[in-house]
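Let's take a walk through this structure together. Have a look at it first, and then read on.

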Amino acid sequence: MSERLLIVEDEETLSASLKRVFLRDGYEVDTSGSAESGLEMLENGLYDLIITDIILPGIDGIELLRRIKEKFPEKIVIIVTAYASLETAVEALRAGAYDYVVKPIIHEEIKQIVKNALKQRALQAENVLLKKQIERQYDFSRIIGESPSMQKIINEVKKIADARSNVLLLGETGTGKELVSRAIHFNSSRADKPFIPINCSAIPENLLESELFGHVRGAFTGAITSKKGLFEEANGGTVFLDEIGDLSIGLQSKLLRVLEDQEIRPVGGTQSIKVDLRFITATNRDIEKAVKEGSFREDLFYRINVITIKLPPLRERKEDIELLVRFFIQKYSKDLGKAVNEIDDAALKILKTYHWHGNIRELQNIIERAILISEDGIIKVEHLPEGIKAEGSFLHQAVTGKLSIEDYTKAFIQKYQNEFNEQQLADMLGITRKSLWEKRKRWGITRE
Ligand SMILES: Nc1ncnc2c1ncn2[C@@H]1O[C@H](COP(=O)(O)OP(=O)(O)OP(=O)(O)O)[C@@H](O)[C@H]1O
Ligand SMILES: [Mg+2]
């Protein structure tokens, strides 16, 4: 869709030539000979930009500008003025005109001004949209969980978000450590400053120091220019150090100095640079054990561990599973453009009892996959991966050694004895009826 311009100009030759110029550039252009009729045309709200002369038969251009700004503040107005009234042009800028051009009009000049104005506005609109998206994305409402343990965490996160204190996030893989760290940053007064996530285990040890602290020219072979480190990039904002448990002892002591002095020294540099950083760290390892064993510095541990938030594994808050399932169904059916909005009871039951070693990330992936392959708008057992279906079964637990054959048999009898008769049960277990009877007596299992 092309942008629409309105030219308000009483000199017909000028108005016609401007119209021609902009039409040729692909704009849609209308003209009006007076401010009054121009205002009327503006009522339909279709114009993106107005070019107006100052001297007009009735209401003048400045007054038109004022009325436009009052009613449609987002519209761009460009003023055309004769050299003699440059002062008026200044007045126009104060009243909210985007720019002015002086007669005689140079086509290239006015074209450039219009182009820039529209581009700037598009960028602004995009920024506003982006910012809204980001805010929505890291809104606390994105952290799903109504279990008491999650509610407690969400409340705590809200309370500490704006504190300066460093935060340590603990929890198994996929429990939401990064999600929480973003929620903390984007709800703190640092929100408009950088949030820099760094995965300590993803960057090779020998590169990590210069990545974090930067380096000066000639610091090592290949350092042909100096480079800013991530800590300096993050200045004023938040650094999220993921997998902190994997940091080498050498870098641990360098990090400790940053935390203590809020100063960094680039590799090969002699000067320290002041920084203002908040640190959020995360690990899925048992960091206290690492401290005891001497592989993680105790003093650093105390520095990063001012506030600790431990994210519970999903299997310890099973009441949240259904909520998460519905949340991800909504999300992925939208993202993938598929109208899936239901899950049948059997499939939901399997998801609710599964062990979720990969926690929410695993659940999320499974829902995404199920939506991709489902055909009739509903997720069914057949859309779940084999592993998940199997884990729910006793057999799988027995096979993987989680249940002894004794316990397996006992659980099997308890579960199915009211659904099947004696012979059927015995057949399924591969034992005789007599043996089944003996087992029941031994374990004291009676029929309801
Ligand atoms: N409570 C939650 N509500 C909604 N989505 C969640 C929740 N927790 C985690 N997620 C989603 O699950 C995925 C994994 O979360 P995240 O990356 O934060 O986990 P993590 O703890 O950092 O895992 P890892 O230790 O493997 O890095 C992300 O896509 C995240 O948005
Ligand atoms: Mg993570």
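**Finding your way around**

The protein chain has 20 helices and 16 strands; these are DSSP runs numbered from the N terminus, with helices being H or I of at least four residues and strands E of at least two. What you see is a predicted model, where local features need pLDDT of at least 70, side-chain atom pairs count only at pLDDT 80 or more, and totals for chains, interfaces and linings use all residues. Residues are numbered from 1 along each chain as its sequence is written, while chains are lettered from A and ligands numbered from 1 in the order in which they are written.

As for overall shape, the C-alpha atoms fill a box of roughly 115 × 65 × 40 Å along the principal axes. Buried residues make up 27% of the 448 in the chain, where buried takes 20 or more other C-beta atoms within 10 Å of a residue's own, exposed 12 or fewer, and partly exposed anything in between, with C-beta atoms placed from the backbone.

Now for ligand 1. It has 15 residues around it, and Ile 144, Thr 173, Gly 176, Lys 177 and Glu 178 come nearest; a residue is near if its C-beta atom, placed from the backbone, lies within 6 Å. Helix H7 (177-186) and helix H15 (359-373) are the elements that each give two or more residues to this shell.

Finally, find Glu 243, in the loop between strand S10 (238-242) and helix H10 (249-261). Glu 243 counts as partly exposed because it has 17 C-beta neighbours inside 10 Å. Ile 198 is 45 residues away from Glu 243 in sequence, yet the two are 8.7 Å apart in space, C-alpha to C-alpha.
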